[in-house]
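My entries follow in the order in which I checked things.

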Amino acid sequence: MRLLLIRHGQTPNNVVGALDTAFPGAGLTPLGQAQASAAPGAPAGARVAGVYASALVRTQLTATPLARATGCDVSVVPGLEEIAAAELEMRSDDEAVRAYAGCVGDWVCGDLDRRMPGGGSGHEFLARYDAAVRALAERHGRDDTVAIFSHGAAIRAYTALRAGLAPEVAADLHIMNTGMAVLE
């Protein structure tokens with residue numbers, strides 16, 4: 001199965017740098033809506049067999065144009081959510097952002113035991129995301145391409161860990177709004 005892991009469009013909280021990871025999450029800015037409108041071009045000619053999103057509203061809004069273009073429904077799949085900021089939720093100060101990014105960075109470099117302040121470990125994140133991807137693999141054939149609309153830190157961490165990227169490469173991963181990682 002080919003996974004197109006696509007980050008949601010821009011939100012108001014992205015603009016101010018707030019760690020917005022809780023349900024239901026923010027909607028999209030006008031730029032985020034424009035980014036979502038461009039999403040049907042992301043598969044570059046591949047036939048998309050399914051369109052999936054996390055439970056956070058921004059992923060569903062971003063997925064809708066691709067779903068319409070492919071004739072699929074947007075199916076919400078538990079487990080595709082962002083890495084929970086826990087005690088850092090909705091903070092945008094440098095200390096909080098560094099703590100969040102540092103924790104995720106340690107995970108992608110192999111320290112899955114580290115816990116987000118007041119939250120879960122890398123092992124817990126990976127188990128949750130793996131379960132969601134496994135559920136999709138059970139629905140689709142080996143040659144299917146599926147689009148998964150998810151979140152920046154989750155996509156970076158999952159891609160780094162499951163693609164087996166070297167720590168120095170993984171630490172520099174970035175994904176812009178509606179950017180995409182492809183895993184096969």
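In which sense do strand 2 and strand 4 pair, and over how many bridges? I found that strand 2 (residues 48-53) and strand 4 (residues 145-150) pair in the parallel sense, over five bridges; here two strands pair if DSSP finds at least two bridges between them, and helices (H or I, at least four residues) and strands (E, at least two) are DSSP runs numbered from the N terminus.

Before going on I noted that this is a predicted model, in which local features need pLDDT of at least 70 and side-chain atom pairs count only at pLDDT 80 or more, while totals for chains, interfaces and linings use all residues. Residues are numbered from 1 along each chain as its sequence is written, and side-chain values use heavy atoms, with hydrogens and water left out.

I read the strand order as 3-2-4-1-5, in an open sheet of five strands with mixed pairing. Strand 3 (74-76) and strand 5 (180-183) are at the edges with a single partner strand each, so one side of each has no neighbour in the sheet. I looked up the partners of strand 4 residue by residue: V48 has T145 as its bridge partner, V51 has A147, and R2 stands opposite T145. Strand 1 pairs with strand 4 in the parallel sense over six bridges, whereas strand 1 and strand 5 run antiparallel and are joined by four bridges, with A181 as the bridge partner of L5.

**Burial.** I took buried as under 20% relative accessible area, exposed as over 50% and partly exposed as in between (1.4 Å probe, protein chains only). Six of the six residues of strand 4 are buried, so this strand is largely enclosed by the rest of the structure; T145, A147 and F149 point one way, and V146, I148 and S150 the other. In strand 5, A181 and L183 form a covered face, while M180 and V182 form an uncovered one.

**Helix 6.** Nine of the twelve residues of helix 6 are buried, so the helix is largely enclosed by the rest of the structure; among them are G152, I155, Y158 and L161. What do the buried residues of helix 6 pack against? I listed strand 1, helix 4 (94-108), helix 5, strand 4, helix 7 (167-170) and strand 5, contact meaning heavy atoms within 4.5 Å. Last, I noted that G164, which follows helix 6, has a positive phi, near 65°.
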